[in-house]
Amino acid sequence: MGKIISNVLMHFFFLLVASKTESQFFSLLTKSKLSTVTELQDYQSSLIMIESDRELSAMVQELWDNDINRLTPGKDYRISLQGKAGDSMGTSDIDRAGSPLFTFVNENIFKKETFLAFISLLDNYESDTGVPEIVTPEEEAENHKFLDSIVQTQTMKIAHKYLVEKKLSPENETEFKEQLYRIWFELYARRGSSRPDSSGFEHVFVGETRGGRTVIGFHNWIQLYLQEKLGHIDYKGYSVNANSPQPDENKHILGLQFSWKNGIKPKGSIFIGVSPEFEFALYTLCFLTSPNERVKVQFSLYDVEIVCHHYNQKHIGTTFPMLIKYLNPK
């Protein structure tokens, strides 16, 4: 009997945690209809996850608020969405956009330290999976210079402090950078390869090709802009599914389809206009704090699912945002 009472009390507690108002508590209590201990435990677990998401959302909001290097849509850059891309894998000759995605970017932003350090890394990789990567001493120095620059930003300092509090990262800055290097830059063999041919950084921020026909990874707007400027990207239209909202040229998240190096990216999703340090901090947080490979966060105007696949629990396999809906301005 005592165990049942304890479970009921725990149920009330978790309902209170999930409720913002008294009326919301009674509404949740009425709707819960939990008849077994198993149901109660399952519901408790879901509420714990909700609270965990809230905590992470608060952290992401803080990262967002401190991303002083973020560009402003319509002022620092402009995009042209044009048509909706096809839903199938398709081929590179299906094009619902006759013009480039980016119509203007204020490249003065690229002179800032973290942007400069980030851009210097984009030509350090072989895009084809299966082709082993060879990291030269110069390229390794560029990796470290990039980490040196981003850990000095307020965005990364906030993420580091949180991870230290959670005992997920070392407090020592040098050791923290070593952890970041392992997560993002250590090479591993991607599926179908017997030799180290990939890294989290290459896959997420630079992009890779598989079999000469498919683009994998490539979730960064800076790389997209620079490659499009060089004529290597053919933007084919925005991408939405039945449940996602229509894209907005003045928002910072976009689903899209494009071709690159004779390969097609049938459905991609990226942040646009954010700084390298924001994405690095956000994705590192999601990787280290959650055992789940899909993390739901709410911040600013966005309700977003961050997909973050682990590779051997040591490295980032891939990570990117999936827009669920726009939030009403607070």
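Colleague: What share of the residues in the chain is buried?
Modeller: This is a predicted model, and the chain has 330 residues. Its accessible surface comes to about 16300 Å², of which 52% belongs to carbon and sulfur atoms. Buried residues make up 49%.

Colleague: How many helices and how many strands does the chain have, and what percentage of its contacts join residues at least 24 apart?
Modeller: The chain has ten helices and ten strands. For contacts between residues at least 6 apart in sequence, the share that joins residues at least 24 apart is 64%.

Colleague: What is the average pLDDT of the chain, and where does pLDDT stay under 50?
Modeller: The chain averages a pLDDT of 84, and 79% of the residues score at least 70. Over residues 33–49 pLDDT stays under 50, and the model has 21 contacts beyond four places in sequence for them. The other such stretch to mention has four contacts of this kind: residues 1–9.

Colleague: Which residues have the most contacts inside the largest nonpolar core, and which element gives the most to this core?
Modeller: The largest nonpolar core has 78 residues, and those with the most contacts inside it are F146, W184, F185, F201, W221 and F280. Nine residues of this core come from the element that gives the most to it, α10.

Colleague: What does F185 touch beyond four places in sequence?
Modeller: F185 is among the residues with the most contacts inside the largest nonpolar core. Leaving out residues up to four places away in sequence, F185 touches L121, Y125, N143, F146, L147, L180, S199, F201 and F280.

Colleague: Why is α10 described as largely enclosed, and what distance separates its end C-alpha atoms?
Modeller: Of the 14 residues of α10, 13 are buried, so the helix is largely enclosed by the rest of the structure. Helix α10 covers residues 276–289, and at 1.5 Å a residue it should span 20 Å. The distance between its end C-alpha atoms agrees with this: 20 Å.

Colleague: How many disulfides does the structure hold, and how far is the sulfur of C286 from the nearest cysteine sulfur?
Modeller: The structure holds zero disulfides. A disulfide requires cysteine sulfur atoms within 2.5 Å. C286 is in no disulfide, its nearest cysteine sulfur being that of C308, at 6.2 Å.

Colleague: Are C286 and C308 buried or exposed?
Modeller: The cut-off for a buried residue is under 20% relative accessible area. C286 has 1% relative accessibility and therefore counts as buried. With a relative accessible area of 0%, C308 is likewise buried.

Colleague: Where is L256 placed, and how far is its C-alpha atom from that of K84?
Modeller: L256 lies in strand β6, residues 253–260, and is buried, with a relative accessible area of 1%. Beyond four places in sequence, its contacts include L101, L224, Y235 and P266. K84 is 172 residues away along the chain, yet the C-alpha atoms of L256 and K84 are separated by 8.5 Å.

Note on methods: Residues numbered from 1 in each chain as written. Predicted model: local features only at pLDDT ≥ 70, side-chain atom pairs only at ≥ 80, totals over all residues. Heavy atoms only, no water. Helix = DSSP H or I, 4+ residues; strand = E, 2+ residues; numbered from the N terminus. Buried < 20%, exposed > 50% of the residue type's maximum accessible area, 1.4 Å probe, protein only. Contact = heavy atoms within 4.5 Å. Areas by Shrake-Rupley, 256 points an atom, 1.4 Å probe, with all protein chains shown as cover. Expected span 1.5 Å × (residues − 1). Core = buried A, V, L, I, M, F, W, Y, C linked by side-chain atoms within 4.5 Å. pLDDT = per-residue confidence, 0-100.
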